[in-house]
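Subject: Structure handover

Hello,

Here is the structure I promised to pass on. Please open it and keep it in view while you read my notes.

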Amino acid sequence: MGTKRKRVADEGQPPWFVPRPHIENTVLRLHEEILDFVDFMQHTREESGARRKWVQSIKEACVALWPACKVSVFGSFFTGLSLPNGDVDVAVSEIPCKSGTAMKMLADHMLSKGQISWLEIIETAKVPVMKVRSQASGLRADVVFSQPDGLQSSKFIKSQVKEYPQMKPLLLFLKYFLLQRGLHETYTGGMGSYLLCNVVLHFLQRHPASKNGRFYAGTSLGHLLFDFLRYYGQEFNYSAHGISVLEGGSIFSKTDRFPEKNKRGSGGPQLCLESPLSTQMDLGGACFRMPVLRNLFHHAFHCICHLMVTRSPPEVSMLCPLLIDPAHPVITDRFKLMVEQPVAFAGLPKSTSKVEEKQNPPKISENQSDVETKPLKKRRKTQVTEGLQVESEGVPAFGFHEDVSQWDLD
């Protein structure tokens with residue numbers, strides 16, 4: 001589906017809401033509203049086209065500097081799992097210099113061409129990253145160099161999304177659910193996209209619907225969201241168990257696999273999830289705000305229980321306001337995201353020296369997020385984690401998404 005649902009006349013309801021008085025079952029109405037929400041959050045053809053032009057401009061800048069380099073798109077946009085305000089993750093490989101040098105060269109080139117309105121280079125991160133914003137559209141991009149992990153993880157996630165098509169709507173809802181609470185970033189101790197994807201995958205692997213065809217046919221997204229919140233908010237034993245998503249998924253003894261976990265202070269529940277790419281790595285270790293997340297899932301579970309027990313009327317949203325806030329800019333500014341930005345170093349010659357760059361930092365637009373405007377010293381822990389790259393083929397009911405894997409970038 002390439003078109004968006006029409007807004008309802010009742011301005012008191014969220015823009016994706018479609019009343020369905022003919023459906024008495026609250027779980028089924030929750031299922032339908034999750035699909036409406038996902039449809040509302042999908043990129044339009046125009047938005048996908050703008051992102052394609054933005055990636056192409058980055059690719060052309062890279063090729064101008066290093067003719068033999070390869071440029072690839074990865075991350076949530078590639079998977080079809082990005083929110084409307086999401087950035088584009090770009091990986092550049094086969095370059096004849098170090099990553100830090102390459103980032104500075106690319107930054108100088110794009111600044112001289114007037115292509116970017118904002119820039120930040122973070123070399124102290126686990127994965128050094130160059131963050132830029134397009135002057136033409138205001139879209140953002142994270143550019144990494146010589147980092148194959150994102151592309152490798154995409155192959156794994158791609159196969160899992162094909163096997164579990166419920167992942168996409170659940171992930172899009174949960175990503176916004178965490179974003180509006182500031183719990184979606186790895187470097188602040190939240191649950192980043194890659195970790196969240198594996199957490200949802202483990203839940204679907206262990207769910208009875210994955211093992212029983214009749215049960216699968218009767219399980220809606222409403223059931224799955226209810227069970228997900230109950231599982232991670234009440235049932236999962238964080239102190240004893242770790243998670244593996246390999247070979248159909250399993251849990252293991254955290255003490256046996258990662259004994260160092262027990263040496264840390266208690267501090268509440270801590271998630272342990274082995275990386276499917278490197279089983280000796282614990283992806284959950286960075287999520288140090290897991291106690292907050294567990295309490296959040298627990299609270300949201302009880303919110304859904306309340307909606308079902310009180311038989312929430314069909315004339316009002318089941319997602320708002322108990323689960324998500326429709327007043328967040330990601331929703332209120334849903335179709336106002338792509339705006340031309342002021343040119344960095346406006347009025348200065350295109351070629352600027354390092355001294356001039358320090359004296360005249362790139363302009364930052366008023367509508368940029370607080371995360372982007374934080375000083376570098378406060379962002380030492382920023383990471384670009386293993387990217388999720390999955391196309392949404394085979395799941396037409398979940399909305400239009402351009403097949404990014406067909407882009408001519410190499």
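Below is what I found, topic by topic.

Please remember that this is a predicted model.

**Helix α11**

Start with helix α11, residues 290–309. It has 20 residues. From first C-alpha to last it reaches 28 Å, close to the 28 Å expected at 1.5 Å a residue.

An α-helix has 3.6 residues a turn, so residues three or four places apart point the same way.

In soluble globular proteins, nonpolar side chains tend to be buried together. Here the largest nonpolar core has 67 residues. Met-191, Tyr-232 and Leu-319 have the most contacts inside it. The elements that give two or more residues to this core are α1, α5 (149–163), α6, α7 (193–206), α9, α11 and α12 (329–332). The largest share, 10 residues, comes from α6.

Now select Tyr-232. Leaving out residues up to four places away in sequence, Tyr-232 touches Val-199, His-202, Phe-203, Tyr-238, Ile-243, Arg-294 and Phe-297.

There is also a second, separate core of 31 residues. Among them are Phe-77, Val-132, Ala-141 and Phe-145.

**Met-103**

Met-103 lies in helix α4, residues 99–112. Is Met-103 buried or exposed? Its relative accessibility is 0%, so Met-103 counts as buried. Neighbours within four places in sequence aside, Met-103 is in contact with Ile-121, Glu-123, Pro-128, Val-129, Met-130 and Phe-145. Ile-121 is 18 residues away from Met-103 along the chain, yet their C-alpha atoms are separated by 7.2 Å.

**Aromatic pairs**

How many aromatic pairs are there? The count comes to 17.

Look at Phe-37 and Tyr-176. Their ring centres are 5.8 Å apart and their planes are at 50 degrees, so the pair is tilted. Phe-37 sits in helix α1 and Tyr-176 in helix α6, 139 residues apart. The pair thus links distant parts of the chain. Phe-37 is buried, and so is Tyr-176.

Next, take Phe-203 and Phe-228. This pair is edge-to-face, with 5.5 Å centre to centre and 90 degrees between the planes. Phe-203 lies in helix α7 and Phe-228 in helix α9, so the pair ties together parts that are 25 residues apart in sequence. Both Phe-203 and Phe-228 are buried.

Trp-16, Phe-37, Phe-40, Phe-173, Tyr-176, Phe-177 and Phe-335 form it.

Asp-89 is in strand β2, residues 88–93. Asp-89 is buried yet has no salt bridge. Which side chain of opposite charge is nearest to Asp-89? It is Lys-131, 7.0 Å away. Residues up to four places away in sequence not counted, Asp-89 touches Ser-72, Val-73, Phe-74, Gly-75, Ser-76 and Asp-142.

Glu-60 lies in helix α2, residues 45–65. Glu-60 is partly exposed, with a relative accessible area of 47%.

**Backbone exceptions**

Most residues other than glycine have a negative phi, and most peptide bonds are trans.

- The peptide bond from Cys-320 to Pro-321 is cis, with omega near 0 degrees. Pro-321 is in the loop between α11 and α12.
- Arg-311 is not a glycine, but its phi is positive, near 50 degrees. Arg-311 follows α11 and is in the loop between α11 and α12. At 55% relative accessibility, Arg-311 counts as exposed.
- Glu-247 is not a glycine either, and has a positive phi of about 55 degrees. Glu-247 is in the loop between β6 (241–244) and β7 (250–253). Its relative accessibility is 85%, so Glu-247 counts as exposed.

Best wishes

Definitions and conventions
Residues are numbered from 1 along each chain as its sequence is written. This is a predicted model: local features need pLDDT of at least 70, side-chain atom pairs count only at pLDDT 80 or more; totals for chains, interfaces and linings use all residues. Side-chain values use heavy atoms; hydrogens and water are left out. Helices (H or I, at least four residues) and strands (E, at least two) are DSSP runs, numbered from the N terminus. The expected span of a helix is 1.5 Å times one less than its number of residues. A nonpolar core is a set of buried Ala, Val, Leu, Ile, Met, Phe, Trp, Tyr and Cys residues joined through side-chain atoms within 4.5 Å. Buried means under 20% relative accessible area, exposed over 50%, partly exposed in between (1.4 Å probe, protein chains only). Contact means heavy atoms within 4.5 Å. Lys and Arg count as positive and Asp and Glu as negative; His and the chain ends are not counted. A salt bridge is a side-chain nitrogen of Lys or Arg within 4 Å of a carboxyl oxygen of Asp or Glu. Rings of Phe, Tyr and Trp (its six-membered ring) pair if their centres lie within 6.5 Å; planes under 30 degrees apart count as stacked, over 60 as edge-to-face and the rest as tilted.
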